[in-house]
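Here is a friendly walk through one model, going from a single residue out to strands and helix packing. Please keep the structure open beside the text.

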Amino acid sequence: MNKAVPRSLLPVFLVAAISMGAKAADDSPSVFEHPEPPVAKSEIDRLVFARLDQLKIKPVLCSDAVFVRRAYLDVIGRIPTAGEAREFLSRADADKRDRLIDQLLDRDEYADYWAMRWGDILRIKAEFPVNLWPNAAQAYHRWVRTSIAENKPYDRFVRELLTSSGSNFRVPPVNFYRAIQNRTPEGIAAAAALAFMGTRLDSWPTEKSQNMTIFFSQVGYKPTREWKEEHVIWDPYGVTRQIPKANVDTGETPPAGPITVSRALEKPIAVVFPDGTKGELRPDQDPREVFADWLIRKENPWFARAIVNRVWWWLLGRGIIHEPDDIREDNPPSNPELLAYLEKQFVESGYDLKKLYRLILTSHTYQLSSRLPSDTPEARAQFAAYPLRRLDAEVLIDAINEITGTNDLYTSPIPEPFTYIPKDKPAVAIADGSITSPFLALFGRSARATGMENERDNKPVPAQALHMLNSSHIQRKIEQGPKLAALFESGRKQSEIVDELYLTILSRFPTVEEREIAEEYRAPGAARRSTRSRPREEWIDIAWALINSPEFMYRH
């Protein structure tokens, strides 16, 4: 006697069925791949395709459905709505991809998403181990987001971070120096090299790294009478290092002893910059300004290279020099000509990050299919395909909340101002890395402790799959979310609901096979029913299956 499949297991079987349908759809080029071959529409393409030609690899362009989802995720950190996806797919104009990129770069969400990315690098976090404190974390994030929204030239953005002095509450960029756990000259130099030169100071020769620390040897931290306020200053005589620190528990400061002023800096000091150039530091010069002026020079080999390589990593999942914060002589670029071209274009643009994004995003190299024509290390290193990557934790939960019309509660373990976030605030827009949720922690959100790219862990683990498939958290969103409920109870034709579900969750129309799977899905033993009498639970199962599919969970 056959036993009915338990209702709780039906979504799991449906996930498998839909995944098999997607696999069958994968054989249809129109779903994930464009029928026309890519052409070298830019210098980026010419340089990349020349390398692929040497490897006898023929790249394949992604379909419009793949592109619209990819562009939304990579530029503004969210998936398109069903209406946005449908509108893009319906257009026939030849330049619609370029026009979409321009539109996305002008949206408010662009600043939210890239402020999140920079928050990882700059360690914007109120509590342990960074301890910026909530007011400072909010001010710092607001300054970063405003800089991005205004498209502040990158050289000015970095110079302000390196040279600012003042209150951590009132001069936000000084928090670059406060977000460093090791506030010694060596620790500060390592943080600056990692963030703005894409290199790890511990891989440098000892003498070279010691030369670098000189530029950060006169940074001082001065407390004030305001709770948790601190001034970052130029302190050439080391006065602030002799001021007693306040007791963390009581807030009381022990009496200060006599201050000793060093006279060692009354004469110029010889310095050596990281590129080997020799210089002189006058007593009236803040070493940070001297270093910043060297760093942002057009002819500097470190500055533009580090940021264009990092942006390439952000958009294409792999650096031309890989990893993007491990630039060193014995880690050469996979395509030196490509890197040099991007550097040149970036400098000539006036360090315009939006122009750099557009240059990369509108290339056919960025728009290649995610299916590797040749699964070899060489093919990956030469960007033969767009790499599959699981969605960032913040992007994933925002997508689920957007689809279902729900929200999450984000809190900090230490209750202070700004701990509780408004319900309509997306996770990518949260300023403070201390404000989190169990979902964000489980899905690898950056701890913002080191400023390294690998702190953000997007590798899938079994606990994540179990949470998506079997948690009450996700179950409540899908079963009780007002957006899905409105669709399921809309009275629309069954085929229209299936189309809307696919457009909402996967940003594309279903294939014939997928439509058949969805429309024929019924509770065990149930007879064929009309849309009006079809149990709502079956639509919930289909939505659950789509949300658990690799196509939804991954950038592709």
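## A residue in the interior

L162 is buried, with a relative accessible area of 0%; buried stands for under 20% relative accessible area, exposed for over 50%, and partly exposed for values in between (1.4 Å probe, protein chains only). This is a predicted model, in which local features need pLDDT of at least 70 and side-chain atom pairs count only at pLDDT 80 or more, while totals for chains, interfaces and linings use all residues. Residues are numbered from 1 along each chain as its sequence is written, and side-chain values use heavy atoms, with hydrogens and water left out.

L162 belongs to helix α9 (residues 154-163). Helices (H or I, at least four residues) and strands (E, at least two) are DSSP runs, numbered from the N terminus. Which residues does L162 touch, not counting residues up to four places away in sequence? They are F176, Y177, A192, F196, F216, R288, F291, A292 and L295, where contact means heavy atoms within 4.5 Å. N175 is 13 residues from L162 in sequence, and their C-alpha atoms are 9.9 Å apart.

## Strands

Three strands make up an open sheet in the order β1-β3-β2, with antiparallel pairing. β1 (166-167) and β2 (219-223) stand at the edges with a single partner strand each, so one side of each has no neighbour in the sheet. Two strands count as paired if DSSP finds at least two bridges between them. Between β1 and β3 (residues 230-234) there are two bridges, in the antiparallel sense, and S167 has H231 as its bridge partner in β3.

Elsewhere, β4 (residues 269-272) and β5 (residues 278-281) run antiparallel and are joined by four bridges. I269 stands opposite L281 in β5. The two strands β4 and β5 form a hairpin with five residues between them, and G276 in that turn has a positive phi of about 95°.

## Helices and their packing

Helix α3 (residues 43-54) has 12 residues, which at 1.5 Å a residue should span 16 Å; its end C-alpha atoms are 17 Å apart, which agrees. The expected span is 1.5 Å times one less than the number of residues. I44, D45, L47, V48, F49 and L52 are the buried residues of α3, and they pack against α14 (303-316), α15 (336-348) and α16 (353-361). Just after α3, K56 takes a positive phi of about 60°.

In α12 (residues 206-213), S209, N211, M212 and T213 are buried. The buried residues of α12 pack against α11 (185-197), β4 and α13 (287-295).

Two helix pairs can be set side by side. Axes are lines fitted to C-alpha atoms, for helices over the stretch in contact, and angles run from 0 to 180 degrees between N-to-C directions.

| Helix pair | Angle | Axis separation |
|---|---|---|
| α6 (residues 96-105) and α16 | about 150° | 10 Å |
| α14 and α15 | about 110° | 9 Å |

The angle makes α6 roughly antiparallel to α16, whereas α14 is roughly perpendicular to α15. Angles under 35 degrees count as roughly parallel, over 145 as roughly antiparallel, 65 to 115 as roughly perpendicular and the rest as oblique.

On the α6 side, D98, I101, D102 and L105 make the contact with K354, Y357, R358 and L361 of α16. In the other pair, A304, R305, I307, V308, N309 and W312 of α14 meet L338, L339, L342, E343, F346 and V347 of α15.
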